[in-house]
Amino acid sequence: MASGLRVISTMSSEPAEFLTALSFVLRTDIEGGYVNNPADPGGETNLGMTARKYRQYCKMHDLPVKPMRELTFADVEPIYYDQYWKPWCVGVEFPLCVMVFDCAVNMGPGRAKKYLALATGMHDYARLRWERY
């Protein structure tokens, strides 16, 4: 990956497909850095994680909240695994699972689930995403 992020897991039991999907989503040209664009409905984000979602997760798990600019891969990896990978991608064949994960992160888990229910395969899933853009 030319402008990417090499994922080195901080967790012990996630599948290789998850790490592939996370590496894709967290590429610096996609979701890899800190952004605070007032025009972005997601608001302040870092490593693709919105401040709202990060704070919710910290509160749920009784974790201290760090400033968004200081988030590390170790801070966001378990959130992506628990809330974006496990509910939607476990049992989905590769590489469709990568597309579903990317959709859940970038368009919301509800839309990822809807497209998965409607699609007849990977190409159909890609078509549904393309039509949304």
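This is a predicted model: local features need pLDDT of at least 70, side-chain atom pairs count only at pLDDT 80 or more; totals for chains, interfaces and linings use all residues.
## Ground rules

Local features need pLDDT of at least 70 and side-chain atom pairs count only at pLDDT 80 or more, while totals for chains, interfaces and linings use all residues. Residues are numbered from 1 along each chain as its sequence is written, and side-chain values use heavy atoms, with hydrogens and water left out.

## Overall fold

The protein chain has six helices and two strands, running α-β-β-α-α-α-α-α along the sequence. Here helices (H or I, at least four residues) and strands (E, at least two) are DSSP runs, numbered from the N terminus.

Of the 133 residues, 40% are buried (under 20% relative accessible area; exposed is over 50%, partly exposed in between, with a 1.4 Å probe and protein chains only). Take the contacts (heavy atoms within 4.5 Å) with a separation of 6 or more: 49% of them join residues 24 or more positions apart. The accessible surface (Shrake-Rupley, 1.4 Å probe) is about 7,700 Å², and carbon and sulfur atoms hold 54% of it.

## Around helix H1

H1 spans residues 16-25, with Phe18, Ala21, Leu22, Ser23 and Val25 buried. Their cover includes helix H3 (73-85) and helix H4 (96-107).

The loop between H3 and H4 holds Pro95, and the peptide bond from Phe94 to Pro95 is cis, with omega near 10°.

## Two positive phi values

Leu47 sits in the loop between strand E1 (45-46) and strand E2 (49-50). Its phi is near 55°, positive in a non-glycine residue, and Leu47 is buried at 10% relative accessible area.

Asp62, in the loop between helix H2 (51-60) and H3, also has a positive phi near 55°. Asp62 is exposed, at 73% relative accessibility.
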